[in-house]
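Hi,

Here is the structure I promised to pass on.

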Amino acid sequence: MTKAVKDQTSTYRAIIAGYGSFVPAKRLTNDDLSKMVDTSDEWITTRTGIKVRHITNDNETTAFLAAEAAKRALKTANLSPSELDIIIVGTITPEMVFPSTASFVQRQLKAQKAWVFDLAAACSGFIYGVAISQQFLQSGRYKNALVIGAETLTKITNWKDRTSCILFGDGAGAVVLQRADDGRRGVIYSMMGADGQRWEALNCQAYGSRYPAGKKLNDPDKIYMEIKGREVYQQAVRRIVESVTECMEKCGLTNDDIAMVISHQMNARIIESAAKRLKLPDEKVFLNISEYGNTSAASVPIAFDDCVRSGRVKRGDIVIFVAFGAGLTWGASVFEF
Ligand code: UT7
């Protein structure tokens, strides 16, 4: 049981009632990539921990992945889509410029009552979505929120750039957050942060208002993701450590109280380095990047689904979600499952 949290004034909590994930069937291995760019399974494995990533075909879109993950989360929650009040899709690879990916998900699920929007906080999109829904549920105004992280990053990947194309994969994960008043289970504390000064570390510049689709690009590669790997690496370790530390301090928790830290899966070395600084033992840090690569906003809910299904997290456990990504953005949530 956690100690009282200072900023928890409501009697309501947002509990995780359902969870689910979906990845496309097609797999791209490190050996496949070594035939496309100058790289090797050995380099990718030792530098990132990634072995395989799942990639969409032309017919598989972000809304499709999101809706499949959502159906699974609704099933574990035993909830009808008609009971949803809010649908948030964390994504930076949306279905279209507009309307939102969440609109397509609402349509596919037939969740007529829900109000819906996309949230562009990159790899932190799912965590931001959890924190926002938590506020609406805790206020007592709404009952059921569906928070999804869904990405088709391989559609904005430059397959000639070996520094970035080895990192990313496609997929979606979702949770159903539900208002509960037992005052025990659920989200205990959430925090978010951002540093817009460092936007250049990780970006995809076209097509937006700066580089509109109708205008010729000086550099045709601006339609793809660009990363400054080293800078992202250092910032990621720092912000993950700070975010987890803040959660633990605000909730009066020690490492002994935590069952699992589920980090955004961006690079196994980044996660291991942050875990070492936090003095967390290996068994309390979940890693599944070897199978999926970096799926941005989808990675935490995919990891959570894997974690629960493999029995590594059980009802009653205290868990921390943490993420870091483009923006720069970061955030974390601590909850009793
Ligand atoms: O979710 C947030 C998004 N995630 C990220 O942006 C990733 C964060 N950064 C990282 O994960 C790591 O920085 C990388 C995996 C991208 C790179 O690992 P690194 O240990 O930081 O390598 P590096 O960039 O310092 O490059 C080391 C060497 C360079 O060669 P030289 O200059 O030492 O001769 C690179 O050219 O490795 C070379 N290199 C590669 N070699 C084989 C870069 N990419 C590759 C590659 N295969 N795919």
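**Notes on the model**

Lys-110 lies in the loop between α4 and β5; helices (H or I, at least four residues) and strands (E, at least two) are DSSP runs, numbered from the N terminus. Before going on, some ground rules: this is a predicted model, so local features need pLDDT of at least 70 and side-chain atom pairs count only at pLDDT 80 or more, while totals for chains, interfaces and linings use all residues. Residues are numbered from 1 along each chain as its sequence is written, and side-chain values use heavy atoms, with hydrogens and water left out.

Is Lys-110 buried or exposed? Lys-110 counts as exposed because its relative accessibility is 58% (buried means under 20% relative accessible area, exposed over 50%, partly exposed in between, with a 1.4 Å probe and protein chains only).

Ser-296 is another non-glycine residue with a positive phi, here about 50°. Ser-296 sits in the loop between α9 (289-292) and α10, and with 1% relative accessibility it counts as buried.

Thr-295 is in the loop between α9 and α10 too, and is buried, at 1% relative accessibility. A polar atom of the Thr-295 side chain lies 3.1 Å from the backbone nitrogen of Ser-299. That is a polar contact: a pair of N or O atoms within 3.5 Å, where within protein one must be able to donate a hydrogen and the other to accept it, and residues adjacent in sequence count only if both atoms are side-chain atoms. Leaving aside neighbours within four places in sequence, Thr-295 is in contact (heavy atoms within 4.5 Å) with Glu-151, Leu-153, Gly-169, Asp-170, Gly-171 and Ile-302.

There are cis peptide bonds to look at as well. One joins Phe-98 and Pro-99, with omega about 0°; Pro-99 is in the loop between β4 and α4 (101-109). Another joins Ala-206 and Tyr-207, with omega about -5°, and Tyr-207 belongs to the loop between β9 (202-203) and β10 (226-227).

**The sheet and its helices**

Five strands make an open sheet with mixed pairing, in the order β1-β7-β6-β4-β5; two strands pair if DSSP finds at least two bridges between them. At the edges are β1 (13-22) and β5 (115-119), each pairing on one side only. From one strand to the next, the twist averages 20°. Strand β4 (residues 86-90) runs parallel to β5 and is joined to it by five bridges. Val-89 stands opposite Asp-118 in β5.

Helix α3 (residues 62-77) packs on this sheet and touches β1, β6 (144-152) and β7 (170-180), its direction making about 125° with that of β1. Helix α10 (residues 299-309) also packs there, touching β1, β6 and β7, at about 90° to the direction of β1. For these angles, axes are lines fitted to C-alpha atoms, for helices over the stretch in contact, and angles run from 0 to 180 degrees between N-to-C directions.

**The cores**

A nonpolar core is a set of buried Ala, Val, Leu, Ile, Met, Phe, Trp, Tyr and Cys residues joined through side-chain atoms within 4.5 Å. The largest has 52 residues, and Ile-240, Val-244, Ile-320, Phe-324 and Val-334 touch the most other members. Two or more residues each come from β8 (186-194), α7 (229-251), α8 (268-277), β12 (318-325) and β13 (329-336). Which element gives the most to this core? That is α7, with 10 residues. A second, separate core of 32 residues includes Ile-16, Ile-127, Leu-177 and Cys-307.

As for Lys-276, its place is in helix α8, and it is exposed, with a relative accessible area of 69%.

**Around the ligand**

The ligand has 22 residues around it, of which Thr-39, Arg-47, Arg-230, Asn-267 and Asn-294 come nearest; a residue is near a molecule or strand if one of its heavy atoms lies within 4 Å of it. An N or O atom in the Asn-294 side chain is 2.9 Å from an oxygen atom of the ligand. A polar side-chain atom of Arg-269 is 3.3 Å from a ligand oxygen atom, and a backbone N or O atom of Gly-229 lies 3.1 Å from a ligand nitrogen atom.

Best wishes
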